[in-house]
Amino acid sequence: MRKARSVPVLMHHHVSPSPGMITVSPANFESQIAWLADTGWTSLTLDQYAGFLAGKPVPRKSIVITFDDGYLDNWVYAHPILQAHGMHAVVFVVTGWMGQGPARPHAGHPGALLPATPDHRGCEDAIFRQGQADQVMMRWDEARAAIAAGTFEVHCHTHSHTRWLQRQDLDRSQRRSGLDADLAKARQVLQQELGSASDTLCWPYGDFDADHVEIARAHGFHYLHTTHPFGRNRIGGDAGHIYRFAVRDRPAGWLRRRIACSYLPALAPLFNGFKARRKGLPAGP
């Protein structure tokens, strides 16, 4: 059996019928996940992905499916679709935005009255202006239920989702201290709620520098997910700089073409280099 030489990592935020930025509709998400499952793609766990980076073989058509922040719609809409197709994903949660309470109904419960899942701007308004994060974010009971079902595993996206590099009111030492405390708190909450905190971290907004990497390493984070899209994750690749590309609100055909362009050995260097130059970004290997 042929083994993978590179593994795409998909980046999602919302799966919701409320259209808006960084949102995929349930219908398009279903189309994409069904295509992956029906055409033989294996959705790797992060332990399996770590093994791949270290040189262990994984199936040729392997992929990692990730979600950032941990919105309620991940539970209400993404979870039942993943479950229906036997696929596995990763959610990077902001621990300070998650609350307690019973698991709410999801779309896999026929006839259930589903909670509202606002668009991204509505979620920001609930979190930052109304102080009502519980209305739009997953609860710990929902995270635990998804873990038990095998649809999601849960990892760190910091505790506060602060853009420390953008805090011009702080000097370098204060930004370092702020990030240090942020990561320490996130690990503490993950340990308390899930019994463990892994060695994987996803940078909020994709912001990081050498100080960020140093502090993350000090907290035991080895695998660092970025928002950089134009590079391939290959055997022996940099675990501290994992490339991910954002999934668009389009049917499966778009995803098939995007993977082919950015990961096939013959096309990937040309595609990633061209796209990176157009956006003024560095291209990866």
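**Close-up views of a predicted model**

**View 1. One face of helix 4 is buried.** His 120, Cys 123, Glu 124, Ala 126 and Ile 127 are the buried residues of helix 4. Looking down the axis of helix 4, these residues fall within an arc of 165°, so they line one face. The arc is taken from the directions of the C-beta atoms as seen from the helix axis. An α-helix has 3.6 residues a turn, so residues three or four places apart point the same way. The buried residues pack against strand 2 (14–15); contact means heavy atoms within 4.5 Å. On the other side of helix 4, Arg 121 and Arg 129 are exposed. Buried means under 20% relative accessible area, exposed over 50%, and partly exposed in between (1.4 Å probe, protein chains only). Just after helix 4, Gly 131 has a positive phi of about 65°. Helices (H or I, at least four residues) and strands (E, at least two) are DSSP runs, numbered from the N terminus.

The model is predicted: local features need pLDDT of at least 70, side-chain atom pairs count only at pLDDT 80 or more, and totals for chains, interfaces and linings use all residues. Residues are numbered from 1 along each chain as its sequence is written, and side-chain values use heavy atoms, without hydrogens and water.

**View 2. The largest pocket is lined by 36 residues.** Its space is about 820 Å³. Met 11, Ile 22, Phe 245, Ala 246 and Val 247 lie nearest its centre. Helix 8 gives the most to the lining, with four residues. Helix 4 (120–129) is among the elements that supply at least two. The lining divides into 18 nonpolar, nine polar and nine charged residues. Ala, Val, Leu, Ile, Met, Phe, Trp, Tyr, Cys and Pro count as nonpolar, Asp, Glu, Lys and Arg as charged, and the others, Gly among them, as polar. A pocket is an open set of points on a 1 Å grid over the protein atoms alone, where a 1.4 Å probe fits, with protein on both sides within 12 Å along at least five of seven lines; lining residues have an atom within 4 Å of a point. Volume is the space filled by probe spheres set on the points.

**View 3. Arg 163 joins Asp 207 through a side-chain polar contact of 2.8 Å.** A polar contact is a pair of N or O atoms within 3.5 Å, one able to donate a hydrogen and the other to accept it; residues adjacent in sequence count only if both atoms are side-chain atoms. Arg 163 sits in the loop between strand 7 (152–156) and helix 6 (172–194). Arg 163 is partly exposed, at 33% relative accessible area. Not counting residues up to four places away in sequence, Arg 163 touches Tyr 205 and Asp 207.
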